[in-house]
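Biologist: Could you walk me through this one? I'm new to it.
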Amino acid sequence: MAADEPLVLGIETSCDETGVGIVHGTALLADAVASSVDTHARFGGVVPEIASRAHLEAMVPTIERALKTAGISAKDLDGIAVTAGPGLAGALLVGVSAAKAYAYALGKPLYGVNHLASHICVDQLEHGKLPEPTMALLVSGGHSSLLLSADITSDVRPMGATIDDAAGEAFDKIARVLDLGFPGGPVIDRLAKEGDPEAIAFPRGLSGSRDPAYDFSFSGLKTAVARWIEAKRAAGEDVPVRDVAASFQEAVVDVLTRKAVRACKDEGVDHLMIGGGVAANSRLRALAEERCERAGIRLRVPRPGLCTDNGAMVAALGSEMVARNRPASDLELSADSSLPVTDPHVPGGSHDHGHDHVHEVSKENLYS
Amino acid sequence: MDTATPAVTVALHDGEAVVASSSQVDARRHGELLLPAVDLVLKEAGLKLDAVTGIVVGVGPGPYTGLRVGLVTAAAFSSALGVPVHGLCTLDGLAYASGIDGPFAVATDARRKEVYWARYEDFRTRAGDASVDRPADIAGQLAGLPVVGAGARLYPEAFPDARDPEHQSAAALAGLAAEKLAGGEGGFLDPLPMYLRRPDAQVPKNYKVVTPK
Ligand SMILES: [Zn+2]
């Protein structure tokens, strides 16, 4: 790595993780995370005010920890990047305010960046420069999107998204129905390994020939699984938890991977990256691997720690902004809970709030 | 600086007097307004932030989101510059600015038909902790007392003797802090948020059965 590669600190507070990462070009120097997930567990979902309070408490200590781990002084930084959106408004605001204060105090350029684009860009820390274009499948408790990135700093196009629940949300809800706790992803993944994915034929949402090719729907699946379990319970029978977990998980990952591969083929893109918390799901990785190989597509999935929300992904995109000479944000930068994915970053002077909030509809269930 | 109330207010104080200040009242844009205001105040004084030897921040009470903007900004400045942060109760700034030399109260808008409030012996001396209550529930105890702050104007039936100022000013907060620092008396709070309310968090009811009975 060249010595003149950008040294960037990234701050992420869009949901319940206070993340601060430091990267040098595409090399990860520090990735400090403080999570409030345990506080939310008893509520069965992220409580916005609890998340915001936890961010405030953890913000500066996490930044200081990241600087210490990286063994650098804040004065050496070439820029400070922060998630400007999308996400929980109050949570975003803590990170944006901290980033602005550091950037101002240190006299460094500030880059307000897009959370979704960051999820894609983080793969550079694992597998080197992203090929252009890259197809990206982002799946987590907050998002399920298929994005085509032609230039991660300036050209990210939405191909499809969930029309109702996020994939990770479906995992959480089914885990709740099965009394498995929160978050649902890891426990369902674990139980599914001992179950039969073909035991129960759960529906594949939006998979008809007339359905939108790249959009997702997990609400119908969630209801179908819940009904199936209730019927068993009502009949006084035992619920085969492992088979339910495996069959439910198979329905989710089948649709995700099939649509992602199809989008790659249709667009003539030979790279697929998968990011977001659900990318840690072992069956999603295995099935994507299998289908990509068959289709001649190179699959890139960062390690699980980089797939969940973290500051390193924000730093990775910030570093790319510096490297490509993108204009910095200004001191009026605001947190935008519905920042469209088509804005990989928020350059200075763009505070007219002119973008149409087409994602507003899905925002409601994005973080509920 | 103080962002605990609808005012986004910043002032620079040199220990003797206020050098420059900026106050904007906009309950919804604390995040956007604060840093440009800091920049403006410093530019007016012809100084850079690294000339600052200490930061004073209003810790509330305040309704959540805006309050955090000032606190996290102060903490980040402190960390980046290596200077101390002194917390002060936001209501103390209003009290100090009023200059009232006898018993009175301060009340700010806590939304949800409540006020944050505290009683004062005089403009420098708070009597007891700040609380959050419905105006009608405290009108009796504050009967006959002047009440400073926007909370008084919002509820004239409960607080008929409303007094200025209506809004917080960082200039007053800095003046109070400079007095405390000069007197060596301390009396600062930790720069941590004073919410006075538990977070809104509804525990979802046990999983909702979707099959019709
Ligand atoms: Zn995310």
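This is a predicted model: local features need pLDDT of at least 70, side-chain atom pairs count only at pLDDT 80 or more; totals for chains, interfaces and linings use all residues.

Biologist: Is strand β6 of chain A buried or exposed?
Modeller: Strand β6(A), residues 134-139, has 6 of its 6 residues buried, so the rest of the structure largely encloses it. Buried means under 20% relative accessible area with a 1.4 Å probe, protein chains only, and strands are DSSP runs of E, at least two residues, numbered from the N terminus.

Biologist: Which residues point which way?
Modeller: Thr134(A), Ala136(A) and Leu138(A) point one way, while Met135(A), Leu137(A) and Val139(A) point the other. In a regular strand, side chains alternate between the two faces of the sheet.

Biologist: What does β6(A) run parallel to?
Modeller: That's β9(A), residues 271-275, joined to β6(A) by 4 bridges; pairing takes at least two DSSP bridges between two strands. Ala136(A) has Met273(A) as its bridge partner there.

Biologist: New topic: how many residues does the contact take from chain B and chain A?
Modeller: Chain B gives 37 and chain A gives 34, with contact meaning heavy atoms within 4.5 Å.

Biologist: Which side chains meet in a salt bridge?
Modeller: Glu49(A) and Arg68(B), at 3.0 Å, N to O. The term means a side-chain nitrogen of Lys or Arg within 4 Å of a carboxyl oxygen of Asp or Glu.

Conventions: Residues are numbered from 1 along each chain as its sequence is written. Chains are lettered from A and ligands numbered from 1 in the order in which they are written. Side-chain values use heavy atoms; hydrogens and water are left out. Buried means under 20% relative accessible area, exposed over 50%, partly exposed in between (1.4 Å probe, protein chains only).
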